[in-house]
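Hi,

Here is the structure I promised to pass on. Have a look at it first, then read my notes below.

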Amino acid sequence: MTSRKKKVQISVYLDQAVMVMLADYAARREQSQSMIAEAAIASFLSPDADERREAAIAKRLDQVDRRLTRQERDIGIAVETLAVFVRFWLATTPALPEPTAQAARAKAAERYEAFVTALGRRLAKGPKLRQEISEDVNPIDDNGM
């Protein structure tokens, strides 16, 4: 027959918000509040608590680092996309005489509205450009085209 160790009863004062969190957590886990409080205190007093906290922080920092790396890649794609487009546009678009330029500006405003609408649809539905571009793309030649 195994004997249970007798536990010592203590009285603690908890902030109302902490008590609500404890009660909610205990109810969700279907465990006693006493058992959860004991485990929390043991964890807090454990000699490896600092290492566990450090590991948790390191894990979160790694996640932040991965997100920042993805953002850096996405910004790089956006900048390069703009640079390629501008280079192509400047190389292929001749200057227009003034009477034609006025009509072209009116048409450009109409086309810009269509572009913004299409961009909005693409951003809402996807796929995103970054999902279509491999991270292992090697440049074809020196001028980026």
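The largest pocket holds about 520 Å³ of space. A pocket here is an open set of points on a 1 Å grid over the protein atoms alone, where a 1.4 Å probe fits, with protein on both sides within 12 Å along at least five of seven lines; lining residues have an atom within 4 Å of a point. Points are joined across faces, edges and corners, and the volume is the space filled by probe spheres set on them.

Before you go further: this is a predicted model, where local features need pLDDT of at least 70 and side-chain atom pairs pLDDT 80 or more, while totals for chains, interfaces and linings use all residues. Residues are numbered from 1 along each chain as its sequence is written, and side-chain values use heavy atoms, leaving out hydrogens and water.

Back to that pocket: 16 residues line it, with I10, S34, A37, E38 and I41 nearest its centre. Helix α2 gives the most, 6 residues (helices are DSSP runs of H or I, at least four residues, numbered from the N terminus).

The second largest pocket has a volume of about 400 Å³. Its lining includes W89, Y112 and F115, and α4 gives the most to it, with 6 residues.

Y112 and F115 both lie in α4 (residues 98–125), 3 residues apart. A search of the whole structure finds 1 aromatic pair. The ring centres of Y112 and F115 are 6.2 Å apart and their planes at 35 degrees, so the pair is tilted (centres must lie within 6.5 Å; under 30 degrees is stacked, over 60 edge-to-face, the rest tilted).

Cheers

Note on methods: Phe/Tyr/Trp six-rings, centres within 6.5 Å; stacked < 30°, edge-to-face > 60°. Helix = DSSP H or I, 4+ residues; strand = E, 2+ residues; numbered from the N terminus.
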